[in-house]
Amino acid sequence: MKNPPSLDQLIAALKVLPGVGPKSAQRMAFHLLQKDRGGADKLARALDHALLNLRHCQRCHTFSESPLCNVCADAERRQDLLCVVEMPADLLMLEQTRCYDGLYFVLMGRLSPMDGIGPKDIDLEKLIARAVDGVVQEVIIATNFTAEGEVTAHLISEMLQAHGLRVSRIARGMPVGGELENVDPGTLAQAMYERRSVS
């Protein structure tokens, strides 16, 4: 027996989500249609509303409903610090720490030559233009510590240093509350390598 075309369309649409395969998409579709039609309607309206109203912030490239996001529009934030992150979720995580009061640039991805993602795909030209505006004094690179994140950080660092900007990279190491016996060897080695003196 074949599914109705509209059900196949829904399943195919759900498969675009990261980590959702055919079986998961089918389960989600059946759940929404059979047990939570109100939730399905709410999801459809929220997605439609987001697609109509969200755009990229003109300065930092994150999602915003206005030309400038609330972080970029905040005159109290340090204008001379620019933190480069991969995704809007990374920006939100840094904001939750309340340890950074500068501005951001969101790449909306990272370099991944194996996946065909190059410098133009993550708007590195826009980042350079933003960083060399005459106000930014230091760029903090906060890409993930994956192979792709490291390649991205290295290229950004080279590009920005060529423009005479001070570039720093967030540190790696032991998680707060972590116990040595439970930490992977790579993280432990990096923590040892990036140790600092106790004053």
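How much of the chain over residues 80–175 is helix and how much is strand, and how far apart are the end C-alpha atoms? Over this span the chain is 34% helix and 18% strand, with its end C-alpha atoms 29 Å apart. The model is predicted, so local features require pLDDT of at least 70 and side-chain atom pairs pLDDT 80 or more, whereas totals for chains, interfaces and linings use all residues. Residues are numbered from 1 along each chain as its sequence is written, and side-chain values use heavy atoms, with hydrogens and water left out.

**Figure 1. Annotated regions of the chain.** The UniProt record, an unreviewed entry, places "domain: Toprim" at residues 80–175. UniProt positions follow the numbering used here, feature names are shortened, and annotations may be inferred rather than shown by experiment. Residues 57–72 are 0% helix and 12% strand, and their end C-alpha atoms lie 8 Å apart. Helices (H or I, at least four residues) and strands (E, at least two) are DSSP runs numbered from the N terminus.

**Figure 2. The open sheet β4-β3-β5-β6.** An open sheet is formed by 4 strands with parallel pairing; two strands pair if DSSP finds at least two bridges between them. Strands β4 (103–106) and β6 (166–169) stand at the edges with a single partner strand each, so one side of each has no neighbour in the sheet. From one strand to the next, the twist averages 25 degrees. Strands β3 (residues 81–85) and β5 (residues 138–141) pair in the parallel sense over 4 bridges, and Leu81 has Glu138 in β5 as its bridge partner. Helix α4 (residues 88–97) packs on the sheet, touching β3 and β4, and its direction makes about 155 degrees with that of β4. Contact means heavy atoms within 4.5 Å.

**Figure 3. Packing of helix α5 on helix α6.** The axes of α5 (residues 124–131) and α6 (residues 147–161) come within 11 Å and cross at roughly 40 degrees. Axes are lines fitted to C-alpha atoms, for helices over the stretch in contact, and angles run from 0 to 180 degrees between N-to-C directions. The two helices, α5 and α6, are therefore oblique to each other (angles under 35 degrees count as roughly parallel, over 145 as roughly antiparallel, 65 to 115 as roughly perpendicular and the rest as oblique). Leu124, Leu127, Ile128 and Ala131 of α5 meet Leu155, Ile156, Met159 and Leu160 of α6.

**Figure 4. Packing of helix α1 on helix α2.** The axes of α1 (residues 5–14) and α2 (residues 22–34) come within 8 Å and cross at roughly 125 degrees. This makes α1 oblique to α2. Leu7, Leu10, Ile11 and Leu14 of α1 make the contact with residues of α2 including Pro22, Phe30 and Leu33.
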